[in-house]
Each structure stands twice: as structure tokens, then as C-alpha cells.
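Welcome! Have a look at it first, and then we will go through it topic by topic.

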Amino acid sequence: MSHGLLQRYEHQPFVSCLAGLYGCQWKHYKRSHFAVLVAAFCLTLLFLYFWGQAKNDYNDFDWWIGILVSLMVSVIAMAVLSNLWSKEWRTLLLSFQVTAPFLHVGGVLLMTSLAWPVALHFFRMKSTGESQMRLIVAVYLTVLLSLYLVPLGLYSPCIKEKGTLGPAPALIGHRGAPMLAPENTLMSFEKAVEAGCDGLETDVTISFDGVPFLMHDYTLQRTTNIHEVFPNRTNTPAARFTWNELESLNAGDWFLSHNPFGTAGSLNADDRQRAGNQSVCSLQAFLQLAAQTGKLVIFDLYRPPRDHPFRDTWIQRTLEVIQNESSIHSSQVLWLPSNLRALVQELDPELQQTSGSRLPLEELQSNHIVKLNLDYTSMSAELIREYTAVNITTNLYVISQPWLYSLAWCAGVHSVTTNAPQLLSTISSPLFIMSPDEYKLMWILTDLMSFVLILLIFFFHRWKTHTRTHTYLASNTSNLYSDVILSDIWSVSSGNSAAEKMPSLAAVTEH
């Protein structure tokens with residue numbers, strides 16, 4: 001199967017950040033780039049602190065330069081991220097479908113809180129420039145009005161009428177339960193069964209002597225101790241080993257030492273010991289477990305490399321194991337490989353033909369496809385309804401987060417492949433689900449309260465500005481009146497002094 005979000009090794013910084021924020025798994029994703037994320041965060045805080053303290057020099061600080069610099073940095077950063085992580089943006093867009101109603105409320109609250117500085121700036125600028133004043137208010141009101149009307153074009157599968165929600169998607173363990181045991185081992189699949197999975201997913205490779213076994217990677221380096229047992233063959237393809245050689249490898253120690261999901265520490269002593277003793281699992285053992293527990297199975301089947309004895313008979317060899325070497329019923333097998341599909345259908349018509357790509361309905365029906373196995377980024381409630389109408393169910397991989405599982409549930413997905421069956425099996429209803437009437441009430445109340453608060457804020461700043469202006473004018477008038485009175489008193493006093501001196505001078509003159 002394709003790697004899940006937590007299993008992708010390309011663009012690791014983005015995956016690490018998401019895993020830390022949404023999965024609280026920082027421990028496993030500690031890398032040198034984590035220091036870069038911390039440094040960027042600190043620089044952001046430093047810039048915000050500088051911005052906040054610059055208000056001391058409000059009249060001297062050029063706010064427009066700060067805004068333009070921020071916008072330029074944001075645009076450049078978004079361009080770089082879009083280039084590096086183009087596939088992951090689809091996950092972000094999907095998250096908006098779940099959180100959109102609440103993001104709308106958050107956006108309105110944010111714009112309402114911005115009313116305070118906008119109103120303050122608005123009335124301060126009255127005396128400096130009417131054009132700038134109008135521009136600020138126009139931009140603010142435009143954004144605010146847009147937010148008020150966003151729900152008119154908002155779509156969320158989780159806004160549903162009561163009684164229209166379908167059953168919860170069935171769970172298929174991705175390589176078993178890889179958070180609780182080493183992936184693709186018998187222990188991992190047993191843990192998936194215990195967690196309530198309805199199906200098990202794996203990857204099948206053919207050994208050099210024709211034994212189908214479970215291995216996702218092309219080599220054995222990541223999930224076995226190949227470097228200890230066969231140190232000179234670490235880069236050899238897994239299909240180049242015989243079954244006896246594969247059985248001699250340990251397929252569990254790496255799980256305890258690398259702790260891929262940060263969950264190994266939660267295992268009890270018995271499970272830790274058992275996990276450390278796991279070996280490479282054969283397809284026959286895997287199918288027997290599914291047969292005994294009544295679970296569906298789905299697997300990717302890798303064609304052996306060139307010069308491999310079973311390169312041209314790999315499909316037939318796998319069918320032999322299903323039909324003759326295990327007790328599983330063919331109807332429990334979701335047959336995913338697209339190679340020689342017509343031949344497979346002819347040899348075993350009871351297999352549930354499953355397609356890993358979206359094809360026209362006519363082609364799907366002509367190939368007897370009964371299920372689609374698609375990446376979760378292909379999620380679309382409309383397409384799911386179209387396929388359901390012609391009796392084609394949909395499975396999405398790899399979904400391990402509750403919000404994404406909730407979205408799949410609301411969209412009508414029939415099953416999901418997951419790394420966390422122990423988590424998703426505990427969800428009794430979708431997160432964030434609400435009826436249209438409930439959302440309309442929330443929308444109207446939010447917009448109404450925001451509008452009233454903004455009016456009050458603007459009236460307050462208008463009253464405060466007028467009060468200050470009147471106080472200032474009254475103070476200046478009082479000072480001016482005082483100066484005039486003092487001037488008059490001084491003039492009268494000076495006149496009296498002059499009059500007193502005049503008789504004295506006259507007396508001196510007479511003498």
C-alpha cells in the first residue's frame with residue numbers, strides 16, 4: 001500500500017510538524033531540522049514583540065513598511081512550501097471541510113477583536129488624512145462582510161440532517177496494528193483483530209524459492225536485523241532471499257529500538273518481549289489468521305525482479321496459496337493487483353476484485369470491480385455516492401486521525417485503512433457533526449453578536465475622542481482666559497503705579 005502520512009519519509013519536516021501537532025509524537029520525529037522549526041518560531045515571537053513595543057513611537061513608526069514586509073515574507077514562504085509539499089496541501093483542504101464552521105466563528109471573533117485598534121486608528125487619523133481613514137475602514141468592512149457571508153458558500157459533509165448519517169466506516173489494519181506491534185508480523189495482525197478491525201492489509205513479496213511472505217520495503221534493512229545475520233547482503237532485494245534465510249531474521253527488535261510511532265513504551269513487559277521475538281510472516285500464516293477470525297484481507301503483490309524463478313508466475317503462485325495452502329474463503333480476499341486481472345477472475349471468480357485507481361464506471365464494471373482502494377486525498381462525497389449507486393464500495397488509506405476518520409464517516413466512506421485501529425474503534429460518532437439548523441443558529445448568533453460589539457467599540461472610541469477634544473479645547477480656553485485676566489491685572493497695576501509716581505514728580509518740580 002502507499003505510505004500513510006506518518007510513514008512518508010520524503011518532506012520529513014512537514015510530516016514531523018504534523019505528527020507533533022496532531023499526534024503528540026515529537027519524540028520519534030526528533031531530527032536536526034527540529035532546531036530550524038524552533039528557531040523560526042523564536043524569530044516570529046521576536047518580530048511580534050518588536051511590533052508590539054513599537055507603539056511607543058506610534059507616530060514615527062511606518063506601519064505600512066512592516067505590513068508589506070510581513071506580506072512579502074508570507075508570500076515567499078507559501079510559495080516555497082507549495083513547491084515542497086504540494087501533496088500535503090490536499091490534507092489541509094480536507095481539514096477545512098471538517099473545521100470550516102468553527103473556523104468561520106474564529107474568523108469573525110478575530111475581526112471583532114481587531115475592531116478596537118481599527119477604531120482607535122480611525123479616529124486618530126481623522127485629523128491627518130481623510131483618504132487613509134476611508135481606506136482602512138473600507139478594507140476592514142470588506143473583510144468583515146465577506147466573513148459574515150462565508151456560510152452561504154460553505155460546504156461540509158459533517159453538516160447533515162439528523163437521521164441521514166450512515167454507519168461508521170469499517171476498519172482495516174494497515175500492516176496490522178503498527179502502533180502496537182512490529183508491522184507485517186503475526187503479532188501486529190493479532191493486535192489489529194483485538195482492536196476490532198474488520199480487515200487486514202499487508203504487502204506480499206515472493207521469496208527466491210517461491211514462498212510468498214509479508215514485506216513492504218524493497219530490501220530488509222528497515223524492519224529486520226539483516227545487518228547482523230547477512231551483513232554483506234543488506235542492499236539485496238528481499239525477493240532474492242530463500243524462505244529459510246528469511247526465517248532466520250528477527251523482524252521485531254527494530255520496533256522497540258526505533259519506536260516508529262512513539263508507542264513502544266506503552267507496551268507491557270510481555271508484549272515487549274513478544275514484539276522483540278517476531279519473525280518474518282508468510283502469506284500462508286497471515287491468511288490462516290484471517291480465516292480463523294473471519295476477517296477480510298487486502299494486499300499489494302510485488303512482482304519479483306528480473307532473473308527471479310517466479311517472475312512470470314508470481315500471480316499463479318499467490319493464487320495457489322489462497323486456494324490450496326490456506327483455509328481462507330476466496331470471498332474474504334479483496335484482490336488488488338491489476339496485473340492479469342481477467343485471468344485471475346477466470347481462475348477464481350469469488351475473489352472480490354478491487355481497483356487501486358479511479359476509472360470510468362464502465363471500465364470498473366467490465367472488470368467486475370466491487371471495491372475501490374484510494375488514497376484519502378481522493379475523498380469526495382459526490383464520487384462516493386456515484387460509486388455506491390452501482391454497488392461499488394470505497395476504502396480510503398491511510399487514515400489514522402479522528403478528524404479525518406470523522407470526515408470519511410460523514411462523506412459515506414465504507415471502510416478505511418488505518419495505523420490506529422485501537423484509537424478509531426473508540427469513536428462512537430463523528431467529530432464536529434451538526435444539523436443545518438444548528439449551524440444556521442450558530443452562524444446568525446455569531447454574526448449578530450459581532451456586529452453589536454463592533455458598533456459599541458466604534459461608538460466608544462468616537463465618544464472617547466470627542467471627550468478628549470472637548471477637554472483639550474476647554475483647557476486651552478481656560479488657559480487663554482487666565483492669560484487675558486492676568487494681562488489686564490498687570491496693565492491696571494502698571495497704570496496705578498505710574499499715576500502714583502506722577503504727583504511725586506510734580507511735587508519735586510514745585511520745590
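What covers the buried residues of α11? Among the elements that do so are α6 (186-194), β2 (199-206), β3 (212-214), β4 (296-301) and α12 (314-324). Please keep in mind that this is a predicted model.

**Helix α11**
- Helix α11 spans residues 283-293, and its buried residues are Leu283, Phe286, Leu287, Leu289 and Ala290.
- These residues lie on the same side of α11, because the arc they cover around the axis is only 155 degrees.

**The nonpolar cores**
- The largest nonpolar core has 53 residues, and the members that touch the most others are Phe286, Trp335, Met379 and Ile399.
- Helix α16 (residues 402-411) supplies the largest share of this core, seven residues.
- Another core, of 17 residues, lies apart from it and includes Ala115, Val118, Tyr140 and Leu144.
- Leaving aside residues up to four places away in sequence, Phe286 touches Phe189, Leu200, Thr202, Leu214, Cys281 and Val297.

**Where α4 meets α16**
- Helix α4 (residues 89-124) and α16 have axes that come within 10 Å and cross at roughly 70 degrees.
- The two helices, α4 and α16, are therefore roughly perpendicular to each other.
- The crossing in which α4 passes α16 is left-handed.
- On the α4 side, Thr91, Leu94, Ser95, Gln97 and Val98 meet Trp403, Leu404 and Leu407 of α16.

How values were computed:
Residues are numbered from 1 along each chain as its sequence is written. This is a predicted model: local features need pLDDT of at least 70, side-chain atom pairs count only at pLDDT 80 or more; totals for chains, interfaces and linings use all residues. Side-chain values use heavy atoms; hydrogens and water are left out. Buried means under 20% relative accessible area, exposed over 50%, partly exposed in between (1.4 Å probe, protein chains only). Helices (H or I, at least four residues) and strands (E, at least two) are DSSP runs, numbered from the N terminus. The arc is that of the directions from the helix axis to the C-beta atoms. Contact means heavy atoms within 4.5 Å. A nonpolar core is a set of buried Ala, Val, Leu, Ile, Met, Phe, Trp, Tyr and Cys residues joined through side-chain atoms within 4.5 Å. Axes are lines fitted to C-alpha atoms, for helices over the stretch in contact, and angles run from 0 to 180 degrees between N-to-C directions. Angles under 35 degrees count as roughly parallel, over 145 as roughly antiparallel, 65 to 115 as roughly perpendicular and the rest as oblique. A crossing is left-handed if the near helix is turned anticlockwise from the far one by less than a right angle, and right-handed if clockwise.
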